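Work through the exercises below with the sequence and the model at hand. Each task is followed by a worked solution.

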Amino acid sequence: MRGLLIKDFRLMKNQGRSLIIIVAVAVAVNLWIDNYAFIIAYLGFIGVSLAMSTITYDEYDNGNAFLFSLPITPKEYAAEKYIFSLLFVGGAWLIGTVGGAAMQLAKEATTMGDIFAVDLMLLLALILILAIMLPFQLKFGAEKGRIIRIVVLMLGVGIIAAGVQLAEMWNLSLSDKTVSLPVLNTETVGAIGAVLAAAVLYISWKISVSIMKKKEF
C-alpha cells in the first residue's frame, strides 16, 4: 500500500504548477467575492477531482493489469484510494481553512467560532462526496465516472449551501452555546457528523472492495 501512496502523491507532484495556479485563483476570487467559505469549498472540490483522477491514471493504457500483477490485493488498492483521497482532500481543506480564516480574522469580519462551524460543515460534506464518488469511479471508470462526478459535485454544492444555511439558522458557534435547538451546538453537530462520516466511509469502502474483487484486468 505504501508504494501505491507514493505513486499517487508523485502523480500530484507532477501537477505542481497547476496546483499553485489553483490556489492563486482561489485566493484572488476569495478577495473579490469576500466569502471565506468559497476558498475552502473551491479547494476541496478541486481536491476531490484530482483524487479521483488517480483512478483514471491507473486505468490508462491498461495500467491496472500491470498494477495487479504486483503483490497488491483489491482490498489494499481500495483502501489506498480512500486513504490517499482523505489525505489529499483534507490537505486542500486545511489550506483553504487556514487561508480563509486568516483573511477573515485580519478584517475582523467574523469570529473563530463562526469560522469553525462553517469549516466543519464543509469538511463533512467533502467526506460525504468522496464516499459517494469513489465506488462509482471504481465501478464505471473514467468516462461514466466523469459524468457522475459532475452530478455528485453539484449535489455537494447543494449540501454545503444547506449546511451553511442551517448553521446560520441555528446560530451554531463555539462562542455562543445558546441556540434555537439546545442540543445542536457546534460540538454536538461535529460529534454526530464524525460518527456518520466514519460509518458512511466504511460502507463505501466495503462496496469499493466488492467492486474491485469482481473486476477482471
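**Exercise 1: a threonine and its contacts**

Task: find which residues Thr97 touches, not counting residues up to four places away in sequence.

Solution. In this predicted model, Thr97 touches Ile40 and Asp119 once residues up to four places away in sequence are left out. The relative accessible area of Thr97 is 13%, and buried means under 20%, so Thr97 is buried.

**Exercise 2: aromatic pairs**

Task: state how many aromatic pairs there are, then classify the pair of Phe9 and Phe84.

Solution. The count comes to four aromatic pairs. For Phe9 and Phe84, the distance is 4.9 Å centre to centre, with 75 degrees between the planes. Ring centres within 6.5 Å make a pair, and an angle over 60 degrees counts as edge-to-face, so Phe9 and Phe84 form an edge-to-face pair. Now locate the partners: Phe9 is in helix 1 (residues 2-13) and Phe84 in helix 5 (residues 74-107). They are 75 residues apart, so the pair links distant parts of the chain. Phe9 is partly exposed at 36% relative accessible area, whereas Phe84, at 0%, counts as buried.

**Exercise 3: a second pair**

Task: is the pair of Phe84 and Phe88 stacked or edge-to-face?

Solution. The ring centres of Phe84 and Phe88 are 5.7 Å apart and the planes meet at 20 degrees. Planes under 30 degrees apart count as stacked, so this pair is stacked. Both residues lie in helix 5, four residues apart, about one turn of the helix. Phe84 and Phe88 are both buried. Finally, ring pairs link Phe9, Phe84 and Phe88 into a cluster.

Conventions:
Residues numbered from 1 in each chain as written. Predicted model: local features only at pLDDT ≥ 70, side-chain atom pairs only at ≥ 80, totals over all residues. Heavy atoms only, no water. Phe/Tyr/Trp six-rings, centres within 6.5 Å; stacked < 30°, edge-to-face > 60°. Helix = DSSP H or I, 4+ residues; strand = E, 2+ residues; numbered from the N terminus. Buried < 20%, exposed > 50% of the residue type's maximum accessible area, 1.4 Å probe, protein only. Contact = heavy atoms within 4.5 Å.
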